[in-house]
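In these entries I record what I looked up in one structure. I began with a pair of helices and then turned to the ligand.

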Amino acid sequence: MDIEHKPLSTVTTVTIRPFHPADASQVLNIYFTGLVNGVDSAGHFAITRAFLHWTPMYLAYFLLISGGGILLLAVQQDIQILGLVIVLMSCGFMFLVYYRIRTTFLGYYQDGLRHDMTDISQYYRQDHEKDRNFIRHFWVAEIPSMTSESGYEVVGCVALDCSSKSDGPVIGELKRLFVLPAYRKHRIGTKLMRTLIAFAKEKKITLLHLETTNFQPVAREMYSRLGWYHASTTDSDFEAGGMRMSFVKYLLPL
Ligand SMILES: CC(C)(COP(=O)(O)OP(=O)(O)OC[C@H]1O[C@@H](n2cnc3c(N)ncnc32)[C@H](O)[C@@H]1OP(=O)(O)O)[C@@H](O)C(=O)NCCC(=O)NCCS
């Protein structure tokens, strides 16, 4: 179904508005949660895959329990040492798997910090819009909050980045679409995307593209349901839990 005709429901008090510098720390938290450790983030998917659905990890659990049993029950010291070695090796394996996944996704997070997320106001400043080929915008989803001093909480974000140098059709990229886990499935993601699309049409952008990964099945489901079509898949060098991560591109003609 066309995204513009999908009904919005439930969280009716959500407001989509342009980013203010005061939102920076909340947005960085949403970005971290959405990429590295929140439910349905790519980092969380990789950890879950490696620790819950991967045969070598089951073997490590088995060795850990066996080594622990040997350590506790053996009476001879060399057998106890063997138990200890087995425990340390299995824990070491788990730590290495965790460390590799964590550093990979922290690396992606830091790439963003080195690029547009360091100074969101500066990167997505609105005077860029005077140039037809240089349209950048960052929106946040805000809900009223009794507990925060400002009276609101930022619960989601999305960015449009269009900086094509050519005179051809204007193509924009949808980036940084994240919603805090506690506020998901209330159509906030849809509302953010709908705002971005309306703005892109106003600016005469003719095609949108985005990149996600096969480690984000929820996001992919959302893009397919909202009319984006799959353009290409490219394997990355990274693998977790026996599954190779791929970068998946989607397109949406406007
Ligand atoms: C992807 C994401 C932004 C969706 O935000 P959201 O506010 O929950 O999205 P919506 O409520 O508007 O849902 C839109 C559609 O997405 C799909 N969807 C959302 N959550 C889903 C879930 N848990 N399981 C399956 N599909 C889901 C559904 O198709 C849904 O349409 P429906 O409500 O008609 O079934 C959010 O899950 C998120 O931040 N995920 C982690 C970060 C991420 O992967 N971002 C994308 C970067 S490429």
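**Entry 1: the contact of α3 and α4**

I worked from a predicted model. I listed the residues through which two helices touch: Ala-60, Leu-63, Leu-64, Ser-66, Gly-67, Gly-68, Ile-70 and Leu-71 of α3 meet Ile-79, Gln-80, Leu-82, Gly-83, Leu-84, Ile-86, Val-87, Ser-90, Cys-91, Phe-93 and Met-94 of α4. Sorted by class, this contact holds 13 nonpolar and 6 polar residues, and no charged ones.

I then looked up the geometry. Two packed helices are described by the angle and the distance between their axes. For α3 and α4 I noted an angle of about 155°, with the axes 7 Å apart. Angles over 145 degrees count as roughly antiparallel, and α3 and α4 are therefore roughly antiparallel to each other. I also recorded that the crossing of α3 and α4 is left-handed.

**Entry 2: helix α2**

Which residues of α2 are buried? In this helix, residues 42-52, I found Ala-42, Gly-43, His-44, Phe-45, Ala-46, Ile-47 and Ala-50 to be buried. The buried residues of α2 pack against the helices α1 (24-37), α3 (55-73) and α4 (77-114), and against the strands β5 (207-213) and β6 (229-240).

**Entry 3: the ligand**

I counted 20 residues around the ligand, of which Arg-184, Gly-189, Thr-190, Ala-219 and Met-222 come nearest. Two or more residues of this shell are given by each of β4 (171-179), α6 (188-202) and α7 (217-225). The largest share, 5 residues, comes from α7. By class, I noted 7 nonpolar, 7 polar and 6 charged residues in the shell.

Conventions. Residues are numbered from 1 along each chain as its sequence is written. This is a predicted model: local features need pLDDT of at least 70, side-chain atom pairs count only at pLDDT 80 or more; totals for chains, interfaces and linings use all residues. A residue is near a molecule or strand if its C-beta atom, placed from the backbone, lies within 6 Å of it. Helices (H or I, at least four residues) and strands (E, at least two) are DSSP runs, numbered from the N terminus. Ala, Val, Leu, Ile, Met, Phe, Trp, Tyr, Cys and Pro count as nonpolar, Asp, Glu, Lys and Arg as charged, and the others, Gly among them, as polar. A residue is buried if 20 or more other C-beta atoms lie within 10 Å of its own, exposed if 12 or fewer, and partly exposed in between; C-beta atoms are placed from the backbone. Two residues are in contact if their C-beta atoms, placed from the backbone, lie within 7 Å. Axes are lines fitted to C-alpha atoms, for helices over the stretch in contact, and angles run from 0 to 180 degrees between N-to-C directions. Angles under 35 degrees count as roughly parallel, over 145 as roughly antiparallel, 65 to 115 as roughly perpendicular and the rest as oblique. A crossing is left-handed if the near helix is turned anticlockwise from the far one by less than a right angle, and right-handed if clockwise.
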